[in-house]
Amino acid sequence: MVNTDKLLTGKEVALHNNRDSCWIIVHGNVYDVTDFLDGKYQSGGSKIILKYAGKDATREYDPIHPPDAITTNLKPEKHLGPVDLGTVEKVEEIITDGERARQARFAARPLLSEILNFHDFEAIARMVMPEKAWAYYSSAADDEITNRENHAAFHRVWFRPRILRDVTKVDWSTTILGHKSSMPLYISATALGKLGHPDGELNLTRAAAKHGVIQMIPTLASCAFDEIVDAAVPGQIQFLQLYVNKDREITKRIVQHAGKRGIKGLFITVDAPQLGRREKDMRQKFEAEDPSEVKQTGQGGIDRSQGAARAISSFIDPGLNWSDMRFFKSITKMPLILKGVQCWEDTLEAYDMGLAGVVLSNHGGRQLDFARSGIEVLVEVVAKLKEKRGLSFPNEKFQLFIDGGVRRATDVIKAVALGATAVGVGRPFLYAFSSYGQEGVEKALQILHDEFEMNMRLLGARNIKEIVPEMVDASNIHLHTVPVPSDNLYESNYERLQGARIKEVKNKL
């Protein structure tokens, strides 16, 4: 380890700018990342690291890494100490024609008052986000069938409204795990918020506070966990989404720290023993590599194919199993919810083990393609748990949640009618803050507020308890060939997967 009694200088750091000795600066501290050049822990490949060798890499590092990635993965002796930033050479940022065009599109965004629905946010985000960020947020597994099915499945549930009820006042507030929420939804955990906006997940924290909804903090947030918790107002409810580390001591430390900070629910992700193939993200990653770098380092043993997703998730334990629930019960008193349950049998197992609930989810279509939608599994689960254990839903002692594909308050209302306590919404809020920052998230929540008010009146439900199964017809939910009118707004935003292409050849003449 370098002597840290004095500040390192930029000149000292700049000497270590090659494969044999590679130092970088992140947030004013110097790290020896020579061992990272095999691509194991970083996203962007060795090309990106070498670009910033001997220089300040903070700007590149922040959006695509959780804040503790470098300190967690580097041995202590590789932490070389602070640097005098006044002596550090500035990295020249070259603005490409493509980036200039993106910035021009960003400047030409419509006024926020012109955004009418979630589809609008997605359409604008697609145009104004950096390509790498859009690829990561929007990508899904394989042919992205499940990703699209998550939304389409809501189209197979139809309303049966009641009339002549006094709906002068309607109330869509509820409780989630015993905590008040202004509506039956929560902001679901999504990774790498700073890819879309410099404030990252803090946009969600602040907007959630203003609108009285619950935020689920992701394990792989761009902002530090404590930074997100500190940004909450007194009394604001937050949950934690947990990827379980192979090192259980690390997991224990994270969970118990969350409990001490006042987190009210632990959502353990159980559908990601291995990452799905997210080809939009993979192709973006592959195209970002310099072919000469690929050739120089070789491809054996180096997985460059998984984009940002692979780079941040190598710690996740594929050996997680039911017996680990005893471990979690022994280290925390927080309610335990399994996130990513996809059939009634596993839901029954979770209930019998005394867990607080499950999220019926396929990870936003990002894991196993052709996994069923949360709303479809919900219908199956409610029927089977009534048959097997005599349960009715919604149920305060064992709560069912779903996520994936939600674009309207009507989607949430359908889920509540079918037995869900609440619904998780993820990507739409990412698109909202990527295009308009915190104000975008607040606008998105206001849109939901207005939609809830209107649709509950039209449905004849004055409060959440009056949204009952008899108000929906889900008889076709399990049929995957039912024709319904196409959703033009959703389909116009969907970016078709691209196949391999021949690189453009410039004419020498």
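Contact here means heavy atoms within 4.5 Å. With that in hand, welcome to a predicted model, where local features need pLDDT of at least 70, side-chain atom pairs count only at pLDDT 80 or more, and totals for chains, interfaces and linings use all residues. Residues are numbered from 1 along each chain as its sequence is written, and side-chain values use heavy atoms, leaving out hydrogens and water.

**Phe328 and the core**
- Leaving aside residues up to four places away in sequence, Phe328 touches Leu242, Val244, Thr251, Val255, Leu266, Ile268, Leu320 and Leu336.
- Phe328 is also among the residues with the most contacts inside the largest nonpolar core, which has 102 residues.
- Such a core is a set of buried (under 20% relative accessible area, 1.4 Å probe, protein chains only) Ala, Val, Leu, Ile, Met, Phe, Trp, Tyr and Cys residues joined through side-chain atoms within 4.5 Å.
- Helix H19 gives the most to this core, with 14 residues.

**The barrel**
- Eight strands close into a barrel in the order S7-S8-S9-S10-S11-S12-S13-S14, with parallel pairing; two strands pair if DSSP finds at least two bridges between them.
- Strand S10 (residues 266-269) pairs with strand S11 (residues 336-341) over four bridges, in the parallel sense.
- Phe267 stands opposite Ile337 in S11.

**Helices H9 and H19**
- Helices are DSSP runs (H or I, at least four residues), and strands are runs of E (at least two), numbered from the N terminus.
- The axes of H9 (residues 202-211) and H19 (residues 427-459), lines fitted to C-alpha atoms over the stretch in contact, come within 8 Å and cross at roughly 5°.
- That makes H9 roughly parallel (under 35 degrees) to H19.

Key. Axes are lines fitted to C-alpha atoms, for helices over the stretch in contact, and angles run from 0 to 180 degrees between N-to-C directions. Angles under 35 degrees count as roughly parallel, over 145 as roughly antiparallel, 65 to 115 as roughly perpendicular and the rest as oblique. Buried means under 20% relative accessible area, exposed over 50%, partly exposed in between (1.4 Å probe, protein chains only).
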